[in-house]
Structures are given as C-alpha cells and as structure tokens.
Amino acid sequence: MEIKPLLWRAVLLGMALLTALPILAVFGYVFVPAPEVWQHLRDTVLTDYLLNTLWLVLGVGFGVLLLGLPAAWLNSMCSFPGQRLFEWALLLPLAMPAYIIAYTYTGMLDFSGPLQSLLREVTGWKYGDYYFPNVRSLGGAVTMLSLVLFPYVYLLARAAFLEQSICVLEVSRTLGANQWQSFFRVALPLARPAIITGLSLALMETLADFGTVQYFGVSTFTTGIFRTWFGLGDHAAASQLAALLMGFVFVLILLERWSRSRARYHHTSSKYSRIPKYRLTGSMAWLAVLVCALPLLLGFVIPVGQLLYWSVTVAKDGVDGDFINLVWHSLMLASLASLFALLLALILGYGKRLNNDPLTSLSVRVAAMGYAVPGTVIAIGVLIPFAWLDTQLNHLSKQWLGSSVGLLLSGTLFTLLFAYNVRFLAVSLQTVEAGLGKIKPTVDNAGRSLGLSAFGVLHKLHLPLMKGTLLTALLLVFVDVLKELPATLILRPFNFNTLAVRAYELASDERLADAGLPSLMIVAAGIIPVIILSRSIGKSRAGEK
C-alpha cells in the first residue's frame with residue numbers, strides 16, 4: 001500500500017497537534033481570569049515559588065558541573081587506579097530517581113536515623129546539644145538532585161572530550177600549556193556545546209521534579225501547581241502557574257540553543273587517534289579516585305545499600321498479593337506506553353525520512369517537545385481537554401439516553417497512557433531517528449527499485465536492520481515510565497497504584513523501610529538503560545573500533 005506524500009504530511013501534522021494538545025490547553029488558560037486565587041498566591045506563596053525554584057536551579061546547576069566535569073575529564077584523558085570501573089559506574093546514579101534518594105538519605109540522616117543515633121550514643125549528647133544539617137531543606141533538595149543528575153553532564157562532556165582531535169591537544173602542549181591549561185583553554189571550550197546540553201537536561205529535570213521537593217517540604221512551582229489544582233480547586237490558576245513554569249523551561253531551551261549558535265570553537269583537524277592518557281601517580285592518583293568515587297558512593301552505592309537493608313527487613317511481610325499487583329500494574333503500564341511510543345516514533349521518524357520538508361520537520365519537532373515539559377504540567381494539560389470532552393459526552397448522553405455515561409476518558413488508563421506518550425515520545429523518537437540515520441538512502445532506493453512500497457521498505461529492510469535500536473527505544477521509555485511520579489499520581493484511575501506511587505505514599509507516611517522494596521525495584525529496572533549507555537559511550541570517539 002502506497003501513501004501519498006500529502007497524506008503522510010497530514011498524518012504527521014495531526015500527530016503533532018495531538019501531542020501538543022496538553023501544552024496548548026495549559027497556555028489557553030492564561031487568558032482565563034482568576035483574580036482572587038492569584039491575589040491569594042501573590043500575598044502568600046508566589047514569592048516562595050519563584051525564589052525556591054530559582055535557587056534550586058542555580059544550586060543544581062553548580063552541583064552537576066562540580067561533580068560531572070572533573071570526572072568526565074579524568075576518565076577521558078587520565079589513567080589512575082579504578083579508572084576503567086569509574087568510566088561506566090559513574091552513570092549508575094542515573095538509575096536512581098531523585099525522590100527515592102531523598103527517601104533513603106532522610107531515613108539515614110533524620111534525628112531517629114542510624115547516623116544521629118550512633119552520634120548520640122557515642123557522645124552522650126541529647127536533642128539540642130549539637131548541630132546537624134537538616135536534610136529536609138532547600139539545600140538537601142539541591143544535594144539530592146545534584147547527586148542523581150550530574151551523569152547528564154558527565155555523559156555528554158566525556159563523549160565530547162573523547163571526540164576531540166588529539167592534534168589540537170598536542171599543539172597546545174607544544175605551545176607550553178600543561179595538562180590543566182590544555183583542559184581549560186582548549187578541551188573545555190571545544191566541549192562547551194555538549195556541556196551546556198547536559199546542564200540544560202539536568203536543569204529541566206530539576207524543574208520537573210515533584211517527589212523530592214514535595215517530600216522535603218520545599219515550595220516550588222511543581223508543588224504549587226499540585227496544591228492549587230487539588231487543594232484550592234482552581235483549575236485556571238493552576239494552569240497559569242503551569243504556564244509560568246513552562247516559561248522557565250522554554251528559557252532554558254532557548255539559552256541552550258543560543259549558546260550553541262554563538263559558539264566560535266571548532267575542530268580544525270579530521271585526524272583522530274587513540275588518546276594517550278596521562279598516567280597519574282601518588283597523591284594526584286588518589287585525588288582522582290576520590291573525585292570519581294565520592295559522587296558514585298553518595299549517588300548510588302550508599303542509597304542502594306540502604307534500600308537493600310530495608311528490603312531485606314520487610315521482605316517477609318512486604319512481598320504479598322498487593323505488592324505483586326503493584327509490580328503488574330507498573331510493568332503493564334510501562335510496556336504499553338513504550339510500545340505505543342515506539343509505534344508513534346516509527347511513524348514520525350520514517351515519515352520525516354520520506355518527506356523531509358519544513359512542515360514535516362516542524363511537525364516532528366512539535367511532537368517531540370513533551371520531554372522538556374514537567375510531568376505535573378502535562379498531567380494538568382491532559383486533564384483539561386479530557387474533562388471538557390467528558391462533560392460534553394455526558395450532556396449528549398443525558399439528552400439522547402436520559403442518563404449520564406460517567407467519566408469515559410478522565411481517570412482512565414487511556415488518559416494516563418496518553419500523558420506518558422506526550423512526555424516520553426521524544427526519547428523513543430530520538431533513538432529511532434538515530435537508527436534510521438545509520439541506514440544509507442541507497443537501501444531505500446534498492447527496495448523501491450525491487451517494487452517495494454514505502455511500508456514494504458520499512459517492514460522488510462529497515463526494521464530487521466534496526467532491531468537493536470528498537471529494543472533500546474523500548475527499554476528507555478519503559479524505564480522512564482516506571483519512574484514517572486507526578487503524572488501517575490494525578491492521572492491514575494481510582495484505587496490504581498504503581499511502584500512509584502506506592503513508594504511515595506509510604507514515604508509520605510514516614511514508613512521509609514516499607515518504601516524500600518518498591519523503590520529498589522524501580523532502581524533495579526533503571527540500571528538497564530545505564531548499561532546501554534555505558535556500552536555505547538566508549539564507541540563514540542572517531543577512529544575507535
């Protein structure tokens with residue numbers, strides 16, 4: 001079956017508009033007046049939302065650069081004890097959702113936790129006799145988010161360092177620069193676009209975070225949106241707060257693209273060879289080990305150890321029928337969402353390959369912008385049109401049938417799956433586009449010359465060549481859906497829980513040990529894409545086999 005280019009464009013444009021519907025719905029409420037609620041927000045909490053969000057972004061930005069950049073440089077250019085282990089292990093904190101690491105450190109550092117209990121036992125101190133940092137604070141949220149988001153900077157910065165031509169670095173050394181001067185004056189400017197991209201990703205995840213700031217009692221826009229929608233019951237004001245948060249996200253996107261467009265640093269050589277790593281010895285070697293080991297220990301090893309301890313203590317009573325249902329709900333939702341996202345990504349990616357005109361490219365870009373949107377905003381944006389549609393259907397049902405049909409869309413799994421696809425379609429799409437990009441156009445031409453249709457080329461030629469890429473796309477979306485908290489919390493059907501929601505509920509009730517088992521399941525699943533990333537990053541350097 002052959003589909004005409006005009007029909008392809010119509011399908012792609014329709015899909016783009018459908019995925020953009022939640023964002024358009026949020027911005028549509030900007031013009032709905034809500035003076036009383038806004039006056040209340042301005043008089044009470046709006047300043048806190050602005051300042052806390054700003055300080056959170058600045059703190060996490062500094063934290064991820066401080067943890068990610070030195071580790072990326074050391075693992076790219078230096079040789080020291082344990083370096084081959086740190087190369088991939090520093091990606092492991094990506095498997096740890098921020099809200100889960102917040103639960104674990106709260107359990108360890110609170111007044112009743114093991115650390116302070118041991119301190120009081122050893123010293124004989126009592127409450128009020130000593131100072132201990134409060135983990136449930138803005139500083140605690142900054143620390144937790146930095147520990148799990150720094151791999152974004154590490155990943156992209158290390159890939160950029162590995163791709164640099166050794167000729168440029170050798171020239172800087174012949175001009176008298178030592179290894180640190182070569183880093184600051186040559187390697188760092190060349191890697192700036194990748195570093196800014198990693199920083200932008202980390203900051204967008206920071207703006208999207210709900211579980212950590214909610215649990216620590218830090219008032220930000222994500223918690224404010226939730227409270228305004230469900231606490232005050234004002235949909236217009238909640239949507240306007242969501243639009244304001246979206247403004248922050250778009251500013252980050254524009255800054256990232258402006259930084260790349262303003263870059264004036266370029267590779268001037270196409271000669272690549274294996275990087276001769278600097279061998280560190282003595283105190284410098286141990287300092288490098290400390291720089292790499294500290295974020296790994298704090299961001300993954302210690303939290304996982306605590307989760308394992310909690311899981312073992314409650315395993316006998318924790319693994320029951322309810323827990324099996326939680327696992328089933330989570331796996332079912334993640335599987336369905338990843339399959340739908342892969343199908344949509346194939347349609348969009350292949351449609352762009354067939355008709356790479358400005359309208360098609362714009363449609364694909366619009367469809368993929370949901371990943372930059374916080375889950376709380378998407379959930380609100382999905383509820384608005386679906387609730388309106390349910391209202392209209394009930395009016396029609398009363399007129400024609402004499403009775404209401406109830407909520408057909410709102411509060412159903414369909415709504416939740418739709419939100420997941422809006423949020424994570426970009427993850428699958430980028431992976432599929434990367435796979436399609438590796439297939440030469442001559443393969444398409446050969447298939448068409450043999451009488452295959454466009455779908456025939458995709459089915460018989462592209463899909464067999466892209467098995468690994470498709471599996472990667474499925475796994476990445478699967479794990480992202482498994483970890484997603486705010487959208488699931490808002491849109492899930494009544495009495496329908498997932499591992500993420502259950503861990504959040506138990507932690508909110510201060511049952512941290514009970515929250516360990518579902519949290520550990522999420523972390524274990526999150527290791528899968530980390531393994532995929534660690535295997536691919538080492539092959540990113542030109543000239544490597």
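Biologist: Among contacts between residues at least 6 apart in sequence, what share joins residues at least 24 apart in the protein chain?

Modeller: This is a predicted model. Contacts in the protein chain between residues at least 6 apart in sequence were taken, and those joining residues at least 24 apart make up 83%.

Biologist: How many helices and strands does the protein chain have, and what share of its residues is buried?

Modeller: The protein chain holds 24 helices and two strands. It has 545 residues. Buried residues account for 53%.

Biologist: How are the rings of Tyr99 and Tyr103 arranged: stacked, edge-to-face or tilted?

Modeller: The chain has eleven aromatic pairs. In the pair of Tyr99 and Tyr103, the centres are 6.0 Å apart. The angle between the planes is 55 degrees, and the class is tilted.

Biologist: Which helix holds both Tyr99 and Tyr103?

Modeller: Tyr99 and Tyr103 are four residues apart, about one turn of the helix. The element spans residues 98–109, and its name is α5.

Biologist: Is Tyr103 buried or exposed?

Modeller: Buried means under 20% relative accessible area. Tyr99, at 5%, counts as buried. Tyr103 has a value of 2%, so Tyr103 is buried.

Biologist: Which residues join Tyr99 and Tyr103 in a cluster of ring pairs?

Modeller: Ring pairs link Tyr99 and Tyr103 into a cluster with two further residues.

Biologist: Why is the pair of Phe111 and Tyr127 given its class?

Modeller: The ring centres of Phe111 and Tyr127 are 5.4 Å apart. Planes over 60 degrees apart count as edge-to-face. The planes here stand at 85 degrees, so the pair is edge-to-face.

Biologist: How far apart in sequence are the parts that Phe111 and Tyr127 tie together?

Modeller: Phe111 lies in the loop between α5 and α6. Tyr127 lies in the loop between α6 and α7. The pair therefore ties together parts separated in sequence by 16 residues.

Biologist: Which residue puts its charged end over the ring of Phe111?

Modeller: The charged end is 3.9 Å from the centre of the Phe111 ring. The residue is Arg120.

Biologist: Which element gives the largest share of the lining of the second largest pocket?

Modeller: The second largest pocket has a volume of about 390 Å³. Of its 18 lining residues, the closest to the centre are Asp320, Asp322, Phe323, Leu326 and Arg502. Elements giving two or more residues to this lining are α14, α15, α23 and α24. The largest share is five residues, from α15.

Biologist: How many residues in the lining of the second largest pocket are charged?

Modeller: The lining of the second largest pocket includes seven nonpolar and five polar residues. The charged ones number six.

Biologist: What is phi of Asn495 near?

Modeller: Most residues other than glycine have a negative phi. Asn495 is in the loop between α22 and α23, and it is exposed at 69%. Its phi is positive, near 60 degrees.

Biologist: What is phi of Glu510 near?

Modeller: Glu510 sits in the loop between α23 and α24. Glu510 is partly exposed, with a relative accessible area of 43%. Its phi is also positive for a residue other than glycine, near 65 degrees.

Notes: Residues are numbered from 1 along each chain as its sequence is written. This is a predicted model: local features need pLDDT of at least 70, side-chain atom pairs count only at pLDDT 80 or more; totals for chains, interfaces and linings use all residues. Side-chain values use heavy atoms; hydrogens and water are left out. Rings of Phe, Tyr and Trp (its six-membered ring) pair if their centres lie within 6.5 Å; planes under 30 degrees apart count as stacked, over 60 as edge-to-face and the rest as tilted. Buried means under 20% relative accessible area, exposed over 50%, partly exposed in between (1.4 Å probe, protein chains only). A charge sits over a ring if NZ of Lys or CZ of Arg is within 6 Å of the ring centre and within 35 degrees of the ring normal. On a 1 Å grid over the protein atoms alone, a cavity is a set of points where a 1.4 Å probe fits but cannot get out, and a pocket is an open set with protein on both sides within 12 Å along at least five of seven lines; lining residues have an atom within 4 Å of a point. Grid points are joined across faces, edges and corners, and a volume is the space filled by probe spheres set on the points. Ala, Val, Leu, Ile, Met, Phe, Trp, Tyr, Cys and Pro count as nonpolar, Asp, Glu, Lys and Arg as charged, and the others, Gly among them, as polar. Contact means heavy atoms within 4.5 Å.
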